[in-house]
Amino acid sequence: GKRIMSKASDSLKKVTLELGGKSPLIIFDDVDMKNAVSTAMLANFFSQGAVCSNGTRVFVHRSILQEFTAQLVERTKKLKIGNPMEDDVKVGATICKMQYDKILNYLDIAKKEGAEVLCGGGPVVPDSPELEGGLYIAPTVLGSCTDDMTVVKEEVFGPVLSILVFDSEEEVIRRANDTPFGLAAAVCTQNLSRAYRVISKLEAGSCNINTFNAYPAVIPFGGYKNSGIGRELGEECLNYYSQTKSVYVETGDPWCPFE
């Protein structure tokens, strides 16, 4: 993206850049547990995890960590993997061999750095014989994660969810913002005052409350920091595809101080 912007500067072309991210999803202790788990799954497993805005850093309040994790793992294990043209299939194949290998490499690094594989964690072969040899990776939930792990810091672009535990609002805001990216973020809580307060402090351009990856076409989409510049969607995006022309029309004699 930066190279594209540099090349565009030769002819002063305007650019908009959406460059991915490592987005946080914050789960507070007052959530509706089923909805919070649904939100975490939406934030990680849609389109085999190949979504730039995905909330792959899932911060969970310590008091609900055990219950949240148990429900998340149980539901993730039930996701059917295979041909996405079938109605009951929820996870398809990785887009290409290069990305498939990249995701598996991140998983290997995560294990070496101390992450605990709670489910998934590697390749999987769907039940159908016709899909044998496909690039399928099981939706993965990682526990015992820390902020300094490679899988927590870098964009994996695959079905890999990292759980991180937190104790206070101030702490989780600081940790959520401790990244060079800022594409998206979300907060799950039944306290809307807290939701608005926390969202206002998160350094991200596209935010949700009590859901994830909900971006209607009328709402501008884009990021902060290294996640890009400019906005897609909404009325604001039209500014990047148009130029302003100013025209002044004199209908009388022009004012002129010269004799």
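Guide: Start with a definition: buried means under 20% relative accessible area, exposed means over 50%, and partly exposed is in between. Keep in mind that this is a predicted model.

Visitor: Okay, so why is Arg197 called partly exposed?
Guide: Arg197 has 36% relative accessibility. The cut-offs are under 20% for buried and over 50% for exposed, so with 36% Arg197 counts as partly exposed.

Visitor: And what makes Glu169 count as buried?
Guide: Its relative accessibility is 14%. Buried means under 20%, so Glu169 gets that label.

Visitor: How do you know that Glu169 forms a salt bridge with Arg197?
Guide: The rule asks for a side-chain nitrogen of Lys or Arg within 4 Å of a carboxyl oxygen of Asp or Glu. Here the closest N and O atoms are 2.7 Å apart, so the pair passes. Glu169 sits in helix α6 and Arg197 in helix α7, so this bridge ties together parts 28 residues apart in sequence.

Visitor: Why can side chains pair like that at all?
Guide: Because side chains of opposite charge can pair when their charged atoms come close.

Visitor: What makes Lys78 and Glu74 a salt bridge?
Guide: Their N to O distance is 3.8 Å, and the limit is 4 Å, so they qualify. As for accessibility, Lys78 counts as exposed because its value is 63%, while Glu74, at 45%, counts as partly exposed.

Visitor: Why is the Arg194 and Asp30 pair said to link distant parts of the chain?
Guide: First the bridge itself: the closest N and O atoms of Arg194 and Asp30 are 3.1 Å apart. Arg194 belongs to helix α7, Asp30 to the loop between β2 and α2, and the two are 164 residues apart. Arg194 is buried because its relative accessible area is 15%, whereas Asp30, at 25%, counts as partly exposed. Both also belong to a network of salt bridges that includes Asp29.

Visitor: How many salt bridges are there by this rule?
Guide: The count comes to ten.

Visitor: Last one: what lines the largest cavity?
Guide: That cavity has a volume of about 70 Å³ and is lined by 16 residues, with Pro24, Ala176, Ala184, Glu203 and Ala204 nearest its centre. Helix α6 and strands β7 and β8 each give two or more residues to the lining. By class, there are eight nonpolar, four polar and four charged residues.

Terms used
Residues numbered from 1 in each chain as written. Predicted model: local features only at pLDDT ≥ 70, side-chain atom pairs only at ≥ 80, totals over all residues. Heavy atoms only, no water. 1 Å grid on protein atoms, 1.4 Å probe; cavity = no way out; pocket = protein on both sides within 12 Å on 5 of 7 lines; lining within 4 Å. Points joined across faces, edges and corners; volume = space filled by probe spheres on them. Helix = DSSP H or I, 4+ residues; strand = E, 2+ residues; numbered from the N terminus. Nonpolar A, V, L, I, M, F, W, Y, C, P; charged D, E, K, R; others polar. Buried < 20%, exposed > 50% of the residue type's maximum accessible area, 1.4 Å probe, protein only.
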